[in-house]
Amino acid sequence: MNKMKIKILPKSKAKEFSPDETWAAISVSTYKEEFAKLSGCKRMGLLQLEFLDAVFASTSNSKLFTAEQAEDILKFVDSVRSKIEILFVHCEAGISRSPAIGAALDYIYNGNHYKPYFQKYSPNELVFRTILEVAAKQGRIEFDGNIPVAELEELELEIPLEIIE
């Protein structure tokens, strides 16, 4: 199967996204009434997720990213992957939650290392780790729970990363 391109943008630029290729979107917001209005042209699917950009709960009712949401993401990508050329992922600022999702999915589905995402963005480690843990439990990848982020500077990778500005 062809590698899918992954596009990361902030919410402010999400409504402008309307590629010539077929695409699907994962839209992340802190509150459900704040989802971006996305183009329907050539869009093959939309998954909307509501959770905080945090790695630990600051209050008892915090809406942190969950394993169930990670499962929803993997099911969604499985359902649209053969129909799309681009997977578009956005959150409010486009620097934490959406790059974490993009990095995990690029690793799981395309076999690309997540280093470029951690160099360009600040991926939410809870989101990234949870998606990888769920994928490992499903037998999609091997993951021991260790994200060697500190070692990323030492890696010299030459991969064709399809992060589109």
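Visitor: Leaving aside neighbours within four places in sequence, which residues is Ser-98 in contact with?

Guide: Keep in mind that this is a predicted model. Beyond its neighbours within four places, Ser-98 touches Ile-8, Leu-9, Val-89, His-90 and Cys-91. Ser-98 itself sits in helix α3, residues 97–110.

Visitor: Why is Ser-98 called buried?

Guide: Its relative accessibility is 0%. Buried means under 20%. The value falls under that cut-off, so Ser-98 counts as buried.

Visitor: How much of the protein chain is buried?

Guide: Buried residues make up 47% of the 165 residues.

Visitor: What pattern of helices and strands does the protein chain follow?

Guide: There are 5 helices and 4 strands. Along the sequence they read β-α-β-β-α-β-α-α-α.

Visitor: How many salt bridges does the structure hold?

Guide: It holds 4. One of them joins Lys-5 and Glu-21.

Visitor: What makes Lys-5 and Glu-21 a salt bridge?

Guide: Their closest N and O atoms are 3.6 Å apart. The cut-off is within 4 Å, for a nitrogen of Lys or Arg and a carboxyl oxygen of Asp or Glu. The pair meets it, so the name applies. Lys-5 lies in strand β1, and Glu-21 in the loop between α1 and β2, 16 residues apart.

Visitor: Why are Lys-5 and Glu-21 called partly exposed?

Guide: Lys-5 has 26% relative accessibility. Glu-21 has 24%. Partly exposed lies between the buried limit of 20% and the exposed limit of 50%. Both values fall in that range, so both residues get the label.

Visitor: How do you know that Glu-50 and Lys-63 form a salt bridge?

Guide: The closest N and O atoms are 2.8 Å apart. That is within 4 Å, so the pair qualifies. Glu-50 is in strand β3 and Lys-63 in the loop between β3 and α2, so the bridge ties together parts 13 residues apart in sequence. Glu-50 is partly exposed at 29%. Lys-63 is partly exposed too, at 28%.

Visitor: What do the side chains of Arg-140 and Asp-78 form where they meet?

Guide: A salt bridge, at 2.5 Å from N to O. Arg-140 lies in the segment after α5 and Asp-78 in helix α2, so this pair ties together parts 62 residues apart in sequence. Arg-140 is partly exposed, at 31%. Asp-78 is partly exposed as well, at 40%.

Visitor: Let us turn to helix packing. At what angle do α3 and α5 pack?

Guide: The angle is about 30 degrees, and the axes are 8 Å apart. This makes α3 roughly parallel to α5.

Visitor: Which residues of α3 and α5 meet?

Guide: From α3 they include Arg-97, Ala-100, Ile-101 and Tyr-107. Among their partners in α5 are Val-127, Phe-128 and Leu-132. By class, the contact has 11 nonpolar, no polar and 1 charged residues.

Visitor: Among contacts between residues at least 6 apart in sequence, what share joins residues at least 24 apart?

Guide: The share is 67% in this protein chain.

Technical notes: Residues are numbered from 1 along each chain as its sequence is written. This is a predicted model: local features need pLDDT of at least 70, side-chain atom pairs count only at pLDDT 80 or more; totals for chains, interfaces and linings use all residues. Side-chain values use heavy atoms; hydrogens and water are left out. Helices (H or I, at least four residues) and strands (E, at least two) are DSSP runs, numbered from the N terminus. Buried means under 20% relative accessible area, exposed over 50%, partly exposed in between (1.4 Å probe, protein chains only). Contact means heavy atoms within 4.5 Å. Axes are lines fitted to C-alpha atoms, for helices over the stretch in contact, and angles run from 0 to 180 degrees between N-to-C directions. Angles under 35 degrees count as roughly parallel, over 145 as roughly antiparallel, 65 to 115 as roughly perpendicular and the rest as oblique. Ala, Val, Leu, Ile, Met, Phe, Trp, Tyr, Cys and Pro count as nonpolar, Asp, Glu, Lys and Arg as charged, and the others, Gly among them, as polar.
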